[in-house]
Amino acid sequence: MTDTPAYVPPKVWTWNKENGGQFASINRPIAGATHDKELPVGKHPFQLYSLATPNGVKVTVMLEELLALGHKGAEYDAWLIRIGNGDQFGSGFVDINPNSKIPALVDRSGPEPIRVFESGSILFYLAEKFGAFLPKDIRTRTEAMSWLFWQMGSAPYLGGGFGHFYAYAPFKIEYAIDRFAMEVKRQLDVLDRRLADNEYLAGDEYTIADMAVWPWYGALAKGLVYGAGEFLSVQDYKNVQRWTDQIAKRPAVKRGRMVNRVSGDPASQLHERHDAGDFDTKTQDKVAPAS
């Protein structure tokens, strides 16, 4: 512990714009748009506005899985929302998601556009619409939904809790890191125990529950987020590792991870996706030299 004086909260909190760490430029205590900006609209039934964070990957994986099953109605345009630049605070995006978080989806296949926001809601909407990746049997369906909602409640402790204080906070706080590391390891143990006797989270069937959990905890298990693999001893969760590897091999998952990605190997980055052929011709290793 340091000799830094203990923080005493004031009677009334005020916004300190200089104390937001890496995300100070986009964090604020109020909602709503900061600027006027319409969103582009492409030719396909679904318009996705997103970034390849774990929450964004959930939806692009789902859409690619649906297309792989032959659901042509799941064709989509994926538009890049650079959250570091504040694109999510444009008026057009706020109209679709008043919470200003990616991903946001518009279904334009019917007489009136339908907006869908929150990644879990989008997965459920698509599963219901196409009758895929959500079991019909009430027991298995409920199990899938339970794990879907488990992810919604658990991941904030991983991302906004552990990830923030371990990797992004302007200074290290031992108590905060210990508190959230303990919780994340408990979550990994929950998953590991479930996957010891089940191929997938809902049982024998790959569902939207796996699509929701994998981008967060699969990436964590492979040391791809927060530089924390060794710190959390992720290799010890053998069943999570097996499940992570199994899902990562799926062709639709490989494609879904590429969409709206702006970091890593240029060959893995497809900033926008408007056609299936874009995976072969418009990744950053191909377009960047010409731009």
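Are Glu 75 and Arg 273 buried or exposed in this structure? Both Glu 75 and Arg 273 are buried, where buried denotes under 20% relative accessible area, exposed over 50%, and partly exposed the range in between (1.4 Å probe, protein chains only). The points below place this pair in its setting.

1. Basis of the note. The model is predicted: local features need pLDDT of at least 70, side-chain atom pairs count only at pLDDT 80 or more, and totals for chains, interfaces and linings use all residues. Residues are numbered from 1 along each chain as its sequence is written, and side-chain values use heavy atoms, with hydrogens and water left out.

2. The Glu 75 pair. Glu 75 forms a salt bridge with Arg 273, and the closest N and O atoms are 2.7 Å apart. This pair links distant parts of the chain, with Glu 75 in the loop between H1 and strand S2 (76-80) and Arg 273 in the loop between H8 and H9, 198 residues apart. A salt bridge here is a side-chain nitrogen of Lys or Arg within 4 Å of a carboxyl oxygen of Asp or Glu. Helices (H or I, at least four residues) and strands (E, at least two) are DSSP runs, numbered from the N terminus.

3. Because Arg 255 lies in helix H8 and Glu 64 in helix H1, the pair ties together parts that are 191 residues apart in sequence. Arg 255 is partly exposed at 26% relative accessible area, whereas Glu 64 is buried at 3%. Glu 64, Glu 75, Arg 255 and Arg 273 are linked in a network of salt bridges. The structure holds 12 salt bridges.

4. A further salt bridge. The side chains of Arg 141 and Glu 128 meet in a salt bridge at 2.7 Å, N to O. Arg 141 belongs to helix H4 and Glu 128 to helix H3 (residues 119-130), so the pair ties together parts that are 13 residues apart in sequence. Glu 128 is partly exposed, with 44% relative accessibility. In general, side chains of opposite charge can pair when their charged atoms come close.

5. Strands S1 and S2. Strand S1 (residues 46-50) and S2 run parallel and are joined by 5 bridges; two strands pair if DSSP finds at least two bridges between them. Ser 50 stands opposite Leu 80 in S2. The chain crosses from S1 through H1 to S2 in a right-handed β-α-β crossover; right-handed means that, with the strands pointing away from the viewer, the path from the first strand over the helix to the second runs clockwise. In S2, 5 of 5 residues are buried. Tyr 76, Ala 78 and Leu 80 cover one side, and Asp 77 and Trp 79 the other.

6. Helix H8. The buried residues of helix H8 (residues 251-258) are Ala 252, Val 253, Gly 256 and Met 258. These buried residues pack against helix H1 (54-68), helix H6 (208-221), helix H7 (238-248) and helix H9 (278-281). Val 253, with a relative accessible area of 1%, touches residues including Val 61, Trp 214 and Ile 247, not counting residues up to four places away in sequence. Contact means heavy atoms within 4.5 Å.

7. Backbone points to inspect. Just after H8, Asn 260 takes a positive phi of about 65° although Asn 260 is not a glycine. Asn 260 lies in the loop between H8 and H9 and is buried, at 0% relative accessible area. Its contacts beyond four places in sequence include Ser 50, Ala 78, Leu 80 and Glu 272. Tyr 226, in the loop between H6 and H7, also has a positive phi of about 65° and is buried at 17%. A cis peptide bond, with omega about 0°, joins Ile 102 and Pro 103. Most residues other than glycine have a negative phi, and most peptide bonds are trans.

8. Surface patch. Phe 171, Ile 173 and Tyr 175 form a nonpolar surface patch with about 350 Å² of accessible area together. Accessible areas come from the Shrake-Rupley method with a 1.4 Å probe, and for residues only the protein chains shown count as cover. Patches are made of residues with over 30% relative accessible area and no salt bridge, like charges being joined within 9 Å and nonpolar side chains (Val, Leu, Ile, Met, Phe, Trp, Tyr) within 5 Å. Ile 173, in the loop between helix H4 (138-168) and helix H5 (174-196), is partly exposed at 32% relative accessibility.
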